[in-house]
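Here is a briefing on the model shown below.

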Amino acid sequence: MAGTDSRGRVERRSAGELESEVLASLWATERPLTPAEIQAEIGGGLAYNTVHTILKRLYDKGLVLRDADGRRGAYRPAKNAAELTAEAMHEALDRGPDPIAALQQFVSGLSPEEERALRDLLGRGGL
Amino acid sequence: MRFDVYTPLLLSLLLPVISPAIGRRVAPALAARVLTSAAVLTAAATTWSLVLLATALLGDAPPVVREARENGRPLADPVPEVIGIAAGVALAVVMWRVHRAVRAERGTRRALRRLCAGHPADTELIVAASPVPQAFAIPGSPGRILVTSAMLSALEPPERRVLFAHERAHLTHRHGILVTAATLAAAANPLLGPVRAAVTFLVERWADEQAADSVGDRGTTARALARAALTAGRARPACALNFTDRAVTRRIAALQTPPPPRLWSAAAAVLALGTLPALLAVDATGDLFGLLGSVLA
């Protein structure tokens, strides 16, 4: 899928949106990524320099770290704030239906039949 | 008065009946807005009707009744005493329910603010390092998007773009305010519960349509929803939660058909249905004050 978007579509994404995408791609994988790998992952004709600029901004904010012992130029996500947030989130979830359930979550649960139906759809590429 | 004061209560039975059909046939952005407006107007009208009925008890107060006789005009009791008392009790319940709903909303906001702690203010994405797949929008200025690491690693890059576009739509169009308004309306008038449910579902559909627009592909949008739902389903036993309202499958099915039209006529009908109780309540107010005025003068 990646890379099929037109260049125009990428240019319409704001700096803030691209920042989210780069950060998300670092969190989505277990291993540190180089700017070139992030560029390939995000696709959509994103320029290497743009990826580099965004990484630098994320680094300045303390959201990503340079991988010291790994490959040169690779980045990984900083975990401290994310772990605190996870703790606060679990605490809120454990407290009962409120307050997180009151939010518009991206998706809620499935029945076993629904799960089977969705798996079929994804599996045969019918979507 | 006798008629107008009860009609808002009767009309509020109609809105929940039509809201599922409106939700299916009308473009979600339009449907969510008109249903919320109608629900708020109706809830205000029914609450006010209860106030009027309870106030009408004043007409039964001994001095008022005596005066009514002294004037030589036998006063037809506008509201039977038992209804006036019932209205007073119902009003107390309404107040308690609204109070509880407001407190829950405040609790949610407080919990959300805590989730943002430690993250730079000018960053849209807040990642929670958690094995629980979760994603939701955090309203505010600026609004944030919280996604757990488990959710991020479950989705392909184009699907993550769908997720972000979906949550951004919630923030841009202030869906939190719509849902809060519908929630308070349903707290004030429990008959409006189904309308609240319809609005909650419609803001999701609305965000899905926006996401499909911004990634330019309904198929990818549907796939992102399916994968996120499957990931979330795996993480928690389906039987332990009563979340299975078929919401996700309905959203995915809706993405596999063309977007529904903006049916202005249906929207106007919903708004009219919401406005009517309000007008009747205003009319009943005039009647009541006229009546009390003529008695007390």
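Helices here are DSSP runs of H or I with at least four residues, numbered from the N terminus. By that scheme, R113(B) sits in helix α5 of chain B, which covers residues 81-116. The model is predicted. Over all chains, the salt bridges number 17.

**Salt bridges between chains**

- Side chains of opposite charge can pair when their charged atoms come close.
- E17(A) and R168(B) form a salt bridge at 3.6 Å, N to O. This pair crosses between chains, running from helix α2 (residues 15-28) of chain A to helix α7 of chain B.
- E17(A) is partly exposed because its relative accessibility is 23%, between the 20% and 50% cut-offs. R168(B) is buried, at 15% relative accessible area.
- E41(A) and R160(B) form a salt bridge at 2.7 Å, N to O. E41(A) belongs to helix α3 (residues 35-42) of chain A and R160(B) to helix α7 of chain B, so this pair also joins two chains.
- E41(A) is partly exposed, with 27% relative accessible area. R160(B) is buried, with 4%.
- A network of salt bridges links E19(A), R57(A), K61(A) and D122(B).

**A salt bridge within chain B**

- R251(B) and D208(B) form a salt bridge at 2.7 Å, N to O. R251(B) lies in helix α11 (residues 247-255) and D208(B) in helix α9 (residues 193-215), so the pair ties together parts of chain B that are 43 residues apart in sequence.

**Surface patches**

- R95(A), R106(B), R109(B), R110(B) and R113(B) make up a positive surface patch.
- I85(B), V89(B), V93(B) and W96(B) make a nonpolar surface patch of about 390 Å².

**Transmembrane annotation in chain B**

- An unreviewed UniProt entry places the feature "transmembrane region" at residues 6-23, 35-58, 78-96 and 263-282 of chain B.
- In the model, residues 6-23 of chain B are 83% helix and 0% strand, with end C-alpha atoms 27 Å apart.
- Residues 263-282 of chain B are 95% helix and 0% strand, with end C-alpha atoms 29 Å apart.

**Backbone geometry in chain B**

- Most residues other than glycine have a negative phi, and most peptide bonds are trans.
- Which residues does a cis peptide bond join? The bond runs between S141(B) and P142(B), with omega about 0°.
- P142(B) is in the loop between strands β2 (135-138) and β3 (144-148) of chain B.
- R174(B) is not a glycine, yet has a positive phi of about 50°.
- The loop between α7 (157-172) and α8 (175-188) of chain B holds R174(B). This residue is exposed, with a relative accessible area of 56%.

Definitions and conventions: Residues numbered from 1 in each chain as written. Chains lettered and ligands numbered in written order. Predicted model: local features only at pLDDT ≥ 70, side-chain atom pairs only at ≥ 80, totals over all residues. Heavy atoms only, no water. Patch = residues over 30% accessible without salt bridge, like charges linked within 9 Å, V, L, I, M, F, W, Y side chains within 5 Å. Areas by Shrake-Rupley, 256 points an atom, 1.4 Å probe, with all protein chains shown as cover. Salt bridge = Lys/Arg side-chain N within 4 Å of Asp/Glu carboxyl O. Lys, Arg positive; Asp, Glu negative; His and termini not counted. Charge placed at Lys NZ, Arg CZ, Asp CG, Glu CD. UniProt positions renumbered as here; feature names shortened; annotations may be inferred. Buried < 20%, exposed > 50% of the residue type's maximum accessible area, 1.4 Å probe, protein only.
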